[in-house]
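Please look over the sequence and the model before reading on. The paragraphs below go through them step by step.

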Amino acid sequence: MINEPITEQKIRRRTLISFAVFGIMIAIGIGAWYWLYHQPLDNGNDTGIQKPLRNVLNANEKIFEKTISNNHLAKTYPVEKAAKNVRVNGNVGMQGTLDTTNWRLHLVRAPGDTLILTLADIQKLPKTEIVFDFKCVEGWDQVTHWGGVRFSDFAAYYQLPVDSPNQYAAFVTPDEKYYVGIDLPSAMHPQTLICYEMNGKPLPQNQGYPLRLIIPTKYGIKSLKRIGTLYFSAQRPPDYWAERGYDYFAGL
Ligand SMILES: Nc1nc2c(c(=O)[nH]1)N[C@H]1C(S)=C(S)[C@@H](COP(=O)(O)O)O[C@H]1N2
Ligand SMILES: [Mo]
């Protein structure tokens with residue numbers, strides 16, 4: 001048995017088996033891909049991603065959500081480390097130059113209870129500064145310096161509905177073209193800013209003048225530039241990049 005000669009016939013049989021196994025594997029691969037590709041999309045129309053893929057993202061989020069807490073702080077840097085030439089990325093919802101004589105923040109505390117705030121209404125609250133490593137999902141990062149009001153200070157002063165049943169804060173550009181949803185624990189995190197300064201000066205237009213979100217515990221996609229409206233919701237508000245297949249939580 002051990003020294004049985006390898007016959008031509010045996011070689012042929014093994015070759016056939018190898019090809020059969022190879023063929024079956026390919027068929028399984030194509031079948032799985034076909035199944036996944038034909039799954040309904042998670043938001044029921046032609047945008048979004050296949051539900052099984054969304055389930056994987058949601059499972060990842062569950063893990064990340066556990067790591068967010070007020071003790072989990074993004075690393076901060078001395079102000080000299082901050083970039084002078086700050087990268088600009090993304091201009092959805094930022095067409096045209098914004099003029100603060102017309103700009104107001106629409107702060108929707110509840111349906112029918114909207115405060116209309118000027119920049120001065122926000123700047124009268126205590127200013128907080130942060131220098132941190134801003135990270136974009138596209139793979140770049142940059143240490144940058146920001147100033148503004150802690151979202152939690154802002155929420156306390158304007159008595160925002162940050163307790164249950166609301167679980168999310170939603171930020172929208174004035175033209176409603178860019179929008180993000182932030183889970184309230186992340187919004188209330190001590191490093192989350194409603195930001196109006198970069199490098200000690202008013203935000204440049206392309207960095208979200210007059211007001212943007214800075215949320216160091218999440219990827220840059222969530223740091224919406226040019227806030228027009230802020231509202232609260234028990235359900236996940238629409239989110240520009242989540243609709244295009246990125247994970248909703250986008251935590252770091
Ligand atoms: N209104 C608006 N905000 C936005 C975006 C955008 O396209 N429009 N892009 C986001 C992305 S992907 C990143 S990485 C950061 C970039 O901020 P920066 O331009 O200050 O570098 O802004 C975020 N906020
Ligand atoms: Mo980004």
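Which polar side-chain atom lies 2.6 Å from an oxygen atom of ligand 1? The atom belongs to Lys-225. This distance, like every other value here, comes from a predicted model.

Arg-87 has a backbone N or O atom 2.8 Å from an oxygen atom of ligand 1. For Asn-89, a backbone N or O atom also lies 2.8 Å from an oxygen atom of ligand 1. Of the 530 Å² of accessible area that ligand 1 has on its own, the protein covers 98%.

Now consider the surroundings of the ligand as a whole. Ligand 1 is surrounded by 19 residues. The closest are Arg-87 and Lys-225, together with Val-92, Gln-207 and Arg-212. The place where ligand 1 sits is the largest pocket.

Next come the strands. Strand β10 covers residues 229-233, and two partners can be followed from there. One is strand β1, residues 105-110, which runs parallel to β10 and is joined to it by 2 bridges. Within this pairing, Leu-107 has Leu-230 of β10 as its bridge partner. The other is strand β5, residues 168-172, which runs antiparallel to β10 and is joined to it by 5 bridges. Here Val-172 stands opposite Thr-229 in β10.

Finally, step back to the chain. It is divided into domain 1, residues 11-40, and domain 2, which is made of residues 68-90 and 100-244. Taken over C-alpha atoms, the centres of domain 1 and domain 2 are separated by 49 Å.

How values were computed. Residues numbered from 1 in each chain as written. Chains lettered and ligands numbered in written order. Predicted model: local features only at pLDDT ≥ 70, side-chain atom pairs only at ≥ 80, totals over all residues. Heavy atoms only, no water. Domains from an automatic or database assignment. Pairing = 2+ DSSP bridges. Helix = DSSP H or I, 4+ residues; strand = E, 2+ residues; numbered from the N terminus. Near = heavy atom within 4 Å. Polar contact = N/O pair within 3.5 Å; in protein donor to acceptor, adjacent residues only side chain to side chain. Areas by Shrake-Rupley, 256 points an atom, 1.4 Å probe, with all protein chains shown as cover. 1 Å grid on protein atoms, 1.4 Å probe; cavity = no way out; pocket = protein on both sides within 12 Å on 5 of 7 lines; lining within 4 Å. Sits in = over half its atoms within 2 Å of the grid points.
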